[in-house]
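Here are my notes on the sheets and the helices that go with them. Have a look at the model first, then read on.

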Amino acid sequence: MTTLRLLIVLLITLGTLSKANAAGPDCSRPYTLALHDHGLLYSAATDTGIDKDVADELIRRSGCKVTTSLMARARIWQLIESGALDFSLSGITNTERDKFASFAWYFSNKYYLLVRKDSGVRAQTDFAQNDKLQLGVIRSFRYSPSANHLVDKLQAADRVSQAGGLAPLYQALMLGDIQGMIIEPFDYPTLEEKRIRAITTVIEFNDPSIAHGLIMSKAALPPTEQEKWRTLVNGMRSDGTMRRIFEKYFKPDLAAAMVDFQSP
Amino acid sequence: MPAPRLLLPWLILLTMLGTTWFVWNHERQNARNELHAQFDFALRETVSRIDQRVAAYEQMLRGVQGLFATTPMTNRNAVRDYVETLGLDANFSGIQAITVIERVPSSDKAAHVAAMRRFGFTGYAIFPEGAREIYAPIIQREPDVKRDRTPIGFDAWADPVRRLAMQQARDSGLPAITGKLQLRIDKDADPIPGFIMYLPIFVPDQPRENVAQRRDHLIGWVSASFRMRDFMASLYGRPTPGLALAIYDDVTPSDAALMYGNAEAASRHPPASGNELRAREYMVVGGHTWMLTLATQAEFADHFASNSAFVIAVAGTGLSLSMALLAWFMITGRARALRLAAEMTRELRHMAQHDSLTGLPNRVLFSDRVQHELAYAKRHGERFAMIFFDLDKFKSINDNHGHAVGDMLLRQAAERLQKAVRASDTVSRIGGDEFVVLMGELVAANAALALAEKIRQAVRHPYSIDGRELTISCSVGVAIYPDDGDNEVALFKSADEAMYRAKEDGRDSIRLAA
């Protein structure tokens with residue numbers, strides 16, 4: 001009897017395990033995931049950041065072999081589109097990106113215009129009105145609707161300087177070569193924060209929060225696989241893992257505001 | 001309503017010019033946008049070409065890094081063979097050297113030097129001299145070309161610019177490049193901007209998940225050194241013509257930070273006619289920032305601009321003018337026809353009432369004036385005179401000198417007559433050499449005689465015709481209303497009779513009607 005019962009328990013356990021495996025992503029091939037150096041999301045200098053933590057946890061849960069590397073954001077989007085890269089993190093969508101990428105949302109935040117105090121900009125509209133002001137942006141970055149509108153308008157007027165990353169934009173802002181840039185809550189470099197805050201003002205864009213998520217290449221992953229990875233991300237959200245990761249980097253209330261949102 | 005009708009061509013002209021302006025402006029905008037797009041593309045392309053090249057060199061260096069996962073750093077032959085198989089040909093002409101650097105804590109310095117000497121580098125020493133906590137001497141340099149090479153043993157860690165990149169590579173585990181520097185191999189030459197790319201080497205099979213682990217397990221670096229101008233020359237693809245490109249170390253565009261300027265940037269051509277496009281881009285290369293500036297020159301605009309805006313402007317203006325002119329012709333056609341008809345009528349009427357030779361009123365018009373004068377004189381009880389005169393022996397002039405000369409004489413005589421009379425008097429030619437003057441508002445018969453005498457004198461002056469001098473006289477008869485007749489026919493008859501009497505009395509004289 002005891003043996004039989006044990007056998008039944010074993011069979012049930014095995015059954016559940018195989019079921020669990022069937023629900024997980026297909027690990028028959030190694031995957032690629034790219035991070036980009038961007039404030040608290042990821043710092044290459046220290047190889048740490050929110051995205052790094054999210055990636056590590058996601059890889060652990062998937063049980064798959066995933067090679068992570070560091071790339072410029074513009075190159076990440078290019079490779080996601082071609083299917084050469086499977087994943088990246090903290091992506092926001094638009095109509096064009098929806099064609100080649102699928103997303104698993106895990107946080108949302110607002111966008112802000114960071115301007116030098118000496119530029120005389122008090123409201124968001126002031127920036128566009130003063131022809132002398134130059135905006136710095138990271139190549140291939142998109143933002144919330146009002147911010148996108150501002151960037152496109154200034155771009156057409158030759159008033160945008162492109163950058164490959166956040167660090168040179170802060171340097172240029174400190175030097176006064178650019179007078180403004182668009183930032184997110186995780187964009188302050190920890191070292192320079194005090195000096196930057198001293199000479200700048202933050203102006204909020206009047207847009208709702210924008211969802212950020214795991215970027216999945218549609219060319220590389222079939223919809224069923226995308227759904228499995230999305231389930232993993234949702235699992236990290238529902239069991240509080242995501243909030244714990246964000247609480248490592250932000251005060252609890254801001255962390256909560258970022259991770260508790262309605263998926264679009 | 002001629003005014004509003006005549007506005008139409010102007011309206012058409014304005015509308016069409018307006019449309020032309022709109023199309024021209026649109027096209028100009030298009031051309032500007034196109035130029036912009038080309039410029040943006042060129043900037044993106046330039047950044048991308050540099051990125052790709054850096055990535056290629058990174059990959060190559062990762063190969064050397066990978067080698068040390070399987071063999072110790074001191075395996076000089078392995079490194080030499082490996083670099084040899086890379087075949088650093090023209091494709092990698094940007095690279096000056098690949099070096100292997102060992103991390104030597106001060107405690108291991110003596111052992112390290114001794115070991116290097118045992119390898120056969122008898123004079124080996126770490127330089128610059130001095131006691132430091134950590135040394136990072138170059139222990140191997142490949143390809144090992146002896147010429148112009150400084151001996152191995154140079155402590156890269158002692159140089160702050162190199163040290164910064166080495167630290168960055170160590171802490172991140174990723175490739176890192178230095179700021180602008182003069183390579184050791186160029187140390188005796190004129191300043192040639194260069195940079196070095198470092199990759200860390202860790203103890204194999206040890207964790208390197210975080211900064212602390214990476215610092216603990218670092219054993220050295222591999223590096224590749226570049227002269228900036230050779231690096232730029234090794235880029236793939238063709239640069240866009242007419243663009244001045246400069247690359248600065250970090251984010252400040254100063255001469256001290258200038259790493260590279262292409263021929264266009266160096267020559268400082270005049271910018272494209274005031275519409276210069278400029279952009280700067282902050283590239284992040286191997287964790288280091290390069291600022292790239294790009295500016296268009298005339299050649300760029302010439303290369304990409306289209307002249308369709310100019311064609312539109314010229315064609316549009318021409319068409320507008322033609323259309324307006326056409327409209328004007330169509331609208332004014334009737335008016336001009338009417339004006340022509342009126343002019344012709346006036347001319348015909350003039351011809352019907354005037355003598356074609358002298359332009360004086362003819363018999364018809366003269367009669368009309370006499371009727372008017374009669375009516376007026378009758379009503380107001382006034383007097384007027386009719387003065388008849390005939391050129392004496394005019395026929396002989398015609399016979400002797402021809403009709404052409406006779407006609408000219410008649411014309412000159414007519415001019416003199418017109419000058420002699422008052423503006424209100426009418427002079428008329430009524431026959432071959434017969435003239436008659438209607439003199440209104442006559443106060444006394446004497447006034448008529450005085451005018452007759454004035455005319456007679458005027459006619460008697462010599463005439464110069466075709467170089468010939470001719471003289472002629474006239475016989476004059478004067479009739480006064482109402483004394484010599486109370487109607488036109490009677491007055492004519494009286495004057496005519498008086499004139500004949502003058503002829504009979506020997507010509508060149510004046511007779512008053514009896």
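1. Start with helix H14 of chain B, residues 488–504. Helix H14(B) lies across S13, S18 and S19 of that chain, and its direction runs at about 145 degrees to S18(B). Keep in mind that this is a predicted model.

2. Those strands belong to an open sheet of 5 strands in chain B, ordered S14-S15-S13-S18-S19, with mixed pairing. Strand S14 (426–429) and strand S19 (510–512) of chain B sit at the edges; each has a single partner strand, so one side of each is left without a neighbour in the sheet. From one strand to the next, the twist averages 20 degrees.

3. Within that sheet, look at S13 (383–391) and S15 (434–442) of chain B, which pair in the antiparallel sense over 7 bridges. In this pairing, Phe388(B) stands opposite Val436(B) of S15(B). Helix H10 of chain B, residues 363–380, also packs on the sheet: it touches S13, S14, S15 and strand S18 (474–481), and its direction makes about 20 degrees with that of S15(B).

4. Now for chain A. Here 5 strands form an open sheet, in the order S2-S1-S3-S10-S4, and the pairing is mixed. Its edge strands are S2 (66–70) and S4 (101–109) of chain A, each pairing on one side only. Ignoring direction, neighbouring strands are turned by 25 degrees against each other on average.

5. Which way do S1 and S3 of chain A pair, parallel or antiparallel? Strand S1 (31–35) and strand S3 (87–91) of chain A go in the parallel sense, over 2 bridges. Ala34(A) stands opposite Ser88(A) in S3(A).

Notes. Residues numbered from 1 in each chain as written. Chains lettered and ligands numbered in written order. Predicted model: local features only at pLDDT ≥ 70, side-chain atom pairs only at ≥ 80, totals over all residues. Pairing = 2+ DSSP bridges. Helix = DSSP H or I, 4+ residues; strand = E, 2+ residues; numbered from the N terminus. Axes fitted to C-alpha atoms, helices over the stretch in contact; angles between N-to-C directions. Contact = placed C-beta atoms within 7 Å.
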